[in-house]
Amino acid sequence: MISEGKDLPFLNIQGLEFAYGEVKVLHGLDFHMDEKSVACVMGRNGVGKTTLLRNLLGLEKPTAGSIHLAGHDITESEPFVRATSGFGYVPQGRQIFPLLTVEENLSVALSAAGVDQQLIPPSVYETFPVLYDMRKRRGGDLSGGQQQQLAIGRALVTRPKLLVLDEPTEGIQPNIITMIGEVIRNLVEEHNMTILLVEQYVDFVKKYADTFAVMNRGRFVAQGAVSGLDVRTINKHLSI
């Protein structure tokens, strides 16, 4: 498991570059976040946000730069190593298994949990009571908001130290968006988790995140505390 480094950012990305063949997508990204905080990467569609996550998760390998987590260089680590070492991931579009039950969907993630942690943690059902109530229902029978709760719950099964969520509010009704935001803050404040979001819903970011970083054409063009996410930045880099 990942151990914590002292006096270092919990997540530290330096000079990260990535290209698909001859097409350069990420350009010298520098990004860091502290432990037990919520950071959000923002930007219009197609600016490189998901590509950044894929490099962070090991699904792509950067052409330059480094990624350190808790003081450890994980730049070359394989995805499964990262998953078993403290990463949790909730992909865009949820990607649950529609023909498996809720309980079976959650159990799939146990392969990335420790050998002594092969039961679904009670905290998952405590966080999302609807999953317990519907644990015998097929994932495809759930509403969009319930499927998002299932996707997050599945990531929590591995007891992650760093939880990565790609567009968690996409296509979700307002009351579930609020509930997910409150869950995120609870995971940080009560369970000492560190959470990285990709999100375009500005009000959600302002309410639940601590810091933000705006991407444009594969570069960070604005970063800082959410208090600095002002109208000028939103109009220039986020408004359609």
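User: Taking exposed to mean over 50% relative accessible area and buried to mean under 20%, is Arg-217 buried or exposed in this predicted model?

Analyst: Arg-217 lies in the loop that links strand 9 (211-216) with strand 10 (219-225), and its phi is near 55°, a positive value in a residue other than glycine. Most residues other than glycine have a negative phi. The relative accessibility of Arg-217 is 69%, and because the cut-off is over 50%, Arg-217 counts as exposed.

User: What is the relative accessible area of Arg-94?

Analyst: Arg-94 also has a positive phi, near 75°, and is found in the loop between strand 6 (87-90) and helix 3 (102-108). Arg-94 is buried, its relative accessible area being 14%.

User: How are helix 6 and helix 7 oriented to each other, roughly parallel or roughly antiparallel?

Analyst: Helix 6 (residues 144-156) packs against helix 7 with the axes 10 Å apart and at an angle of about 15°, and the crossing is right-handed. Since angles under 35 degrees count as roughly parallel, helix 6 and helix 7 are therefore roughly parallel.

User: How many charged residues are in the contact of helix 6 with helix 7?

Analyst: From helix 6, Gly-145, Gln-148, Gln-149, Ile-152 and Leu-156 meet Ile-176, Met-179, Ile-180 and Leu-187 of helix 7. These residues of the contact divide into 6 nonpolar and 3 polar, while the number of charged residues is none.

Technical notes:
Residues numbered from 1 in each chain as written. Predicted model: local features only at pLDDT ≥ 70, side-chain atom pairs only at ≥ 80, totals over all residues. Heavy atoms only, no water. Axes fitted to C-alpha atoms, helices over the stretch in contact; angles between N-to-C directions. Helix = DSSP H or I, 4+ residues; strand = E, 2+ residues; numbered from the N terminus. Parallel < 35°, antiparallel > 145°, perpendicular 65-115°, else oblique. Left-handed = near helix turned anticlockwise from the far one by under 90°. Contact = heavy atoms within 4.5 Å. Nonpolar A, V, L, I, M, F, W, Y, C, P; charged D, E, K, R; others polar. Buried < 20%, exposed > 50% of the residue type's maximum accessible area, 1.4 Å probe, protein only.
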